[in-house]
Structures are given as C-alpha cells and as structure tokens.
Amino acid sequence: MIDTLLVLNAGSSSIKFSLFAADPDAASLPLLYHGEVDGLGHTVRFVAHDGAGRALADEALTGKDHDAALEAVLRWIERHSTDVNLVGVGHRVVHGGIDFSAPVKIDPAVLTRLERLVPLAPLHQPHNLAPIRALARMKPDLPQVACFDTAFHRTQPSVARTFALPRELTEAGIERYGFHGLSYEHIAHVLPTFAGNAAGGRVIVAHLGNGASMCAMRERQSIATTMGFTALDGLPMGTRSGALDPGVLLHLLIERGMNPDTLTDLLYHRSGLLGVSGVSSDMRALLTSASPAAAFAIDLFVYRIGRELGSLAAALGGVDVLVFTGGIGEHAVPVRARVCEEARWLGVSLDTRANADGGPRISAADSRVSVWVIATDEEQVIARHARRLLRA
C-alpha cells in the first residue's frame with residue numbers, strides 16, 4: 001500500500017484535486033493523479049489525469065454541489081487505485097486572517113475561527129471550507145490541514161500592511177493581507193536552483209493569471225505585495241478591477257444607486273480584462289483579437305504591471321531578480337517581452353530568443369537584473385505542509 005496525501009482547491013464552481021505519494025524523504029512529493037470537477041451548479045464534468053498528464057477520465061456527473069463533487073473524487077480514487085492509503089488531506093484556504101501565519105491541522109475550534117473570516121473573503125472562503133466540513137462528516141478520522149494564501153505575507157513590516165485609517169479599524173483586522181502566498185512560497189522555495197545566491201537578494205515575482213498580483217521579497221520573505229485587504233486590489237485581472245480610487249465606489253453607491261450585490265458583481269466578475277476589452281477575460285483570446293479594445297486592455301495590463309514593478313522596486317531599494325509565473329506569466333511571450341521592455345530603466349535586458357523559447361532564464365547575459373520564467377506549483381506546497389504537520 002502507498003500512503004498518499006490528497007490536496008483540494010475548492011472554488012465557487014469547481015474542486016481541483018491532486019493525489020501525492022506521501023514519500024517521507026522526498027524534497028518534491030511524487031504526483032500520482034490530478035483532476036477537477038468543474039461546472040458545479042450547472043453542467044458538471046469530472047476529469048482526471050495521471051502524474052504524467054495522460055487522460056484517465058472525462059465524464060459527466062449528476063450531483064451539482066461541493067459534497068457531490070467531493071464524493072466523486074473520493075470514489076474515483078478508491079475505484080481507480082486500490083493500493084493507496086489516504087493518510088491526510090491538505091486544503092487551500094484563501095484567508096488566514098491575523099491569527100494564522102502558518103499552515104495548521106484542522107479541528108472544530110480551528111474551523112470555527114476560519115468561518116469567522118468569511119466576511120474578509122466572502123467569494124472564496126465559504127467554498128474553501130465546504131469540502132473541509134464535508135470530509136469531516138464523510139471521514140471524521142481523516143486528518144485535514146489548512147494552508148493559507150495570506151500566510152506568506154505575514155512577514156511584512158506593519159508599515160507595509162497598514163491602511164491610513166483610524167487605529168481601531170486596523171486593530172479590528174482591516175489591513176493589507178496579500179494573497180497568492182502559496183504560489184510565492186513555491187517560487188521562494190525553488191528560486192535558489194535557478195538564480196543561485198541572488199535568490200536571497202531583492203526579488204520581485206509577478207504571478208500573472210486570471211488572478212494577478214506581484215510580490216517583493218528579500219531573503220525569500222515577503223516584504224510588500226500588490227493585493228491588500230481583498231483579492232481585488234492591485235493589478236487588473238481577468239474579470240477583477242484591481243486598484244480603484246475609493247471615491248469611485250462611493251460614486252457608484254450614491255450617484256449610480258448600485259447596491260452591494262451589484263457592486264460586488266461589477267468589481268469581481270465584469271471588470272478587468274473582460275470589462276475593458278469587451279472581448280474576453282482570457283489573455284490568449286486578447287492577444288489574437290483584432291479588436292482595438294482588446295489591444296488597449298493588454299496595454300493597460302502591461303502599464304499597471306510596470307507601475308507596480310516600480311513601486312515594489314522602491315520598497316526593495318532596487319531589484320536583482322524578476323520572476324514571471326502563473327498562466328499568463330508562464331505562457332504569454334508578448335506580455336513578458338513588453339513588461340521587460342518597460343523595465344529597461346531598472347536594468348532589465350531581455351534575450352528575445354530565450355523569451356520565445358520560454359526560458360527559464362530570459363534575460364540577456366549583460367542584464368543587471370536576471371529574469372526567469374518559473375512554473376508555480378501551489379499543490380506541491382500544500383502537500384509538503386500536510387506531510388510535515390501530519391508527521392509531527
């Protein structure tokens with residue numbers, strides 16, 4: 001029998017899963033299977049692949065909620081592989097609040113504290129917690145671990161986390177938390193194998209995807225990031241607005257008569273690349289579109305990355321290493337090229353051929369800043385944390 005760890009990443013309409021061999025000594029846990037139940041609430045499909053990416057399943061499901069999706073995942077794993085022993089489950093949980101600065105084993109008291117954080121991430125946290133509750137009912141003896149997207153940023157100094165609001169609001173938890181921490185943790189973990197000693201210097205990581213943010217690191221710890229109290233802040237994203245003048249929100253509430261639900265839908269689902277282009281939230285579609293509005297959406301995205309790059313470089317006092325990751329960061333060659341061109345003033349010099357080939361190093365030999373394309377792996381980070389906590 002092979003001891004295994006299941007990693008779950010639950011969203012509003014999907015549950016992604018990865019099954020790892022719980023090798024006690026491996027620096028990187030072997031991936032056995034991965035897949036997704038998508039379309040929850042609508043037309044639900046289950047897909048699964050082996051660790052090498054070969055398709056193993058693609059089928060429709062009748063159940064439409066998170067409980068049914070989780071049951072389908074467990075049933076498939078048990079049916080498909082009879083020689084595995086599931087020893088624990090690791091979950092991606094978007095918000096850890098002030099208290100959770102590291103992964104934690106889940107018990108009823110921890111779950112209650114995580115439920116209290118739902119108002120800080122109402123569109124993410126409830127879906128992250130749904131499979132935790134379901135598993136507690138289905139397999140009450142199976143250990144579960146929560147890993148937080150906010151935890152990596154708890155190393156930031158208070159001056160980087162604090163809004164200029166009355167102190168009592170700050171003490172009540174209204175501060176900059178930052179997100180995508182599991183992705184940044186993975187990059188911090190593997191960066192020395194790419195950049196050597198420079199990995200401990202002034203590093204900026206651009207996690208560019210449907211959700212997009214950037215993080216400044218020193219000694220591979222977060223010192224500043226573009227997202228703040230919520231995952232709306234910072235860069236424009238696929239359908240999210242990114243940073244806005246708070247006065248815009250007041251205007252929309254007072255002058256346009258928007259209610260909170262309408263405003264939430266606007267900011268999370270109808271803005272960003274989709275809202276600006278009127279074409280798509282997918283960078284691949286925008287790059288191939290002949291629409292001037294699509295081109296402008298890309299212009300805006302690149303411009304905002306350049307602005308935030310300058311801000312994070314100021315927080316670091318310069319930059320030694322720039323890393324692209326995430327779906328756009330890893331695959332959109334023209335976006336990387338334009339960002340690097342805009343960053344020539346920082347000492348970035350692009351190797352055009354290396355960029356077209358996908359790297360991993362895409363900076364020229366004489367570039368003062370080394371630039372890399374590194375695939376992120378949040379699931380591997382969660383699996384390692386789960387293994388460590390369950391062994392302890």
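Among contacts in the protein chain between residues at least 6 apart in sequence, what percentage join residues at least 24 apart? The share is 62%, where a contact means heavy atoms within 4.5 Å.

Before we go on, a word on the model: it is predicted, so local features need pLDDT of at least 70 and side-chain atom pairs count only at pLDDT 80 or more, while totals for chains, interfaces and linings use all residues. Residues are numbered from 1 along each chain as its sequence is written, and side-chain values use heavy atoms, with hydrogens and water left out.

Let's start with the whole chain. It holds 15 helices and 13 strands; these are DSSP runs numbered from the N terminus, with helices being H or I of at least four residues and strands E of at least two. The C-alpha trace spans about 55 × 55 × 45 Å along its principal axes. The radius of gyration is 21 Å, which agrees with the value near 21 Å for a compact globule of 392 residues (taken over C-alpha atoms; the rule is 2.2 Å times the number of residues to the power 0.38). Of the 392 residues, 52% are buried.

Now take a closer look at Val87, which sits in strand S6, residues 84-93. Val87 counts as partly exposed because its relative accessibility is 26% (buried is under 20%, exposed over 50%, partly exposed in between, with a 1.4 Å probe and protein chains only). Leaving aside residues up to four places away in sequence, Val87 touches Asp3, Thr4, Leu5, Ala22, Leu142, Pro143 and Leu390. Ala364 lies 277 residues from Val87 along the chain, and their C-alpha atoms are separated by 46 Å.
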